[in-house]
Amino acid sequence: MAQVARELGIDDLAKLASNECPLPPFPEVVEAVATAVSSINRYPDNSAHELVGSLARHLDVAPDQIWPGAGSTQLIAATALAVGGPGTSAVFADPSFVMYPIATRIAGSSEVPVPLDGAHRHDLDAMLAAIDGTTTVVYLCNPNNPTGTIVETGAVDRFLDAVPDDVLVVVDEAYHEYVTDDRHRSAIPHAVARDNVVVMRTFSKVYGLAGLRIGYAVGRAESLAWLRRTQVPFSANALAQVAAVEAMRYPDRLAERVAGNAAGREQIESGLAALGVEYASSQTNFVALFPEDPPGLAAALENRGVIVRALGPVLRVTVGTRAENDRFLAALAEVLG
Ligand SMILES: Cc1ncc(COP(=O)(O)O)c(C=O)c1O
């Protein structure tokens, strides 16, 4: 990013490419991390006792049903390694989170991408049909990155019933906190009831801790014990553990952030509608556009100091501050002429 800014001679970029929270962590989190810095000569608590306890209370599950790691990215990679390997395959939607094919390749498994349906949602029937004797894991990104679409709760239930018991389903809920559509529910009740389901969550988005790398999986204790064999010890670092525990103490302020995000999402979507640009109605902190030339449009916006992400057929813009969203819409209007 600094390089882009230098090249363009622009020093106030609108960084709307990585679905980060545009706001800093809560001040109490910054303070807690600052206090904890003086102890980083020690290794972190490998059991992440306090974090796991807070999460267990927060989610109403048992502590051994939680598996923390260095972001959910790391948990996805560890999971892919635990269940994958040559001769196995992984099924995921396309386009969906880029980490699924990366983790699949790291594990030496084969990738089985399944195109989204015409409404930019997971095509669950096609995903079920893609499962064969080699499939060991299926990724369900709910809501989906980069389209922001949800799989409704009844459809998730039917899908989980139909997937064979020996195939693991990873339900990635990185954007769960942002959802305002009540047809969406967390799959955590399934994860603690079924051996072959795990839910992944992150502190990188609404909690604003992307730079610290902290996420967690929820599932049955035996399933998590099996998956975490492939995780490097001390993955959840000491500062991240402290920050995550502190961040969970302010549910009212979190709710304000969620409301602010929903307002920003609405601002972007109504701006796009006014410009006549095709987009998918989003339940996340980003919006997907479907221009003819996503990389070309991304480059034109970048030249105006607005950094967004081209991902296959999608141009994805993260919900920023009100001013950043306005800047994106103004730059887009200018590019589209
Ligand atoms: C769907 C999805 N899952 C997981 C992650 C990774 O989050 P983390 O920062 O916890 O690795 C992201 C980040 O963009 C994401 O979009």
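These legends describe close-up views of a predicted model.

**View 1. The shell around the ligand.**
The ligand is surrounded by 13 residues. The closest are Gly71, Thr73, Ala174, Thr202 and Ser204. Helix 4 (residues 71-83) supplies the largest share of this shell, three residues. By class, the shell holds four nonpolar, eight polar and one charged residues.

**View 2. Helix 11 against helix 13.**
Helix 11 spans residues 251-275, and helix 13 spans residues 322-336. Their axes lie 10 Å apart. The packing angle is about 15 degrees. That makes the two helices, helix 11 and helix 13, roughly parallel, because angles under 35 degrees count as such. The crossing of helix 11 and helix 13 is right-handed. On the helix 11 side, the contact uses Gly264, Gln267, Ile268, Gly271 and Leu275. On the helix 13 side, Arg322, Asn325, Leu329, Leu332, Ala333 and Leu336 meet them. This contact of helix 11 with helix 13 has six nonpolar, four polar and one charged residues.

**View 3. Helix 12 against helix 13.**
Helix 12 (residues 294-302) packs on helix 13 at an angle of about 115 degrees. Their axes are 10 Å apart. The crossing of helix 12 and helix 13 is right-handed. Leu297, Ala300 and Leu301 come from helix 12. They meet Ala331, Leu332 and Val335 of helix 13. The contact of helix 12 with helix 13 has six nonpolar residues, no polar and no charged ones.

**View 4. Helix 10 under cover.**
Helix 10 (residues 238-247) is mostly covered. Eight of its 10 residues are buried. They are Leu239, Ala240, Gln241, Val242, Ala243, Ala244, Glu246 and Ala247. Helix 2 and helix 3 are included in what covers the buried residues of helix 10.

Pro44 sits in the loop between helix 2 (27-37) and helix 3 (49-59). Pro44 has 19 other C-beta atoms within 10 Å, so Pro44 is partly exposed. A residue needs 20 or more to be buried. Pro44 and Gln241 are 197 residues apart in sequence. In space, their C-alpha atoms are 8.3 Å apart. Leaving out residues up to four places away in sequence, Pro44 touches Phe234, Ala236, Asn237, Ala238 and Gln241.

**View 5. Leu224 in helix 9.**
Leu224 belongs to helix 9 (residues 221-227). Leu224 is buried because 20 other C-beta atoms lie within 10 Å. Beyond its neighbours within four places in sequence, Leu224 is in contact with Gln65, Trp67, Ala217 and Gly219. Leu224 and Glu177 are 47 residues apart in sequence and 23 Å apart in space, C-alpha to C-alpha.

**View 6. Two cis peptide bonds.**
Asn142 and Pro143 are joined by a cis peptide bond, with omega about 0 degrees. Pro143 lies in the loop between strand 5 (135-141) and helix 7 (153-162). The bond from Asn145 to Pro146 is also cis. Here omega is near 20 degrees. Pro146 is in the loop between strand 5 and helix 7.

Asn19 is not a glycine, yet its phi is positive, about 55 degrees. Asn19 lies in the loop between strand 1 (14-15) and helix 2. Asn19 counts as buried because it has 22 C-beta neighbours inside 10 Å. Arg213 is not a glycine either, and its positive phi is about 65 degrees. Arg213 lies in the loop between strand 7 (197-202) and strand 8 (215-218). With 20 C-beta neighbours inside 10 Å, Arg213 counts as buried.

Methods
Residues are numbered from 1 along each chain as its sequence is written. This is a predicted model: local features need pLDDT of at least 70, side-chain atom pairs count only at pLDDT 80 or more; totals for chains, interfaces and linings use all residues. Helices (H or I, at least four residues) and strands (E, at least two) are DSSP runs, numbered from the N terminus. A residue is buried if 20 or more other C-beta atoms lie within 10 Å of its own, exposed if 12 or fewer, and partly exposed in between; C-beta atoms are placed from the backbone. Two residues are in contact if their C-beta atoms, placed from the backbone, lie within 7 Å. Axes are lines fitted to C-alpha atoms, for helices over the stretch in contact, and angles run from 0 to 180 degrees between N-to-C directions. Angles under 35 degrees count as roughly parallel, over 145 as roughly antiparallel, 65 to 115 as roughly perpendicular and the rest as oblique. A crossing is left-handed if the near helix is turned anticlockwise from the far one by less than a right angle, and right-handed if clockwise. Ala, Val, Leu, Ile, Met, Phe, Trp, Tyr, Cys and Pro count as nonpolar, Asp, Glu, Lys and Arg as charged, and the others, Gly among them, as polar. A residue is near a molecule or strand if its C-beta atom, placed from the backbone, lies within 6 Å of it.
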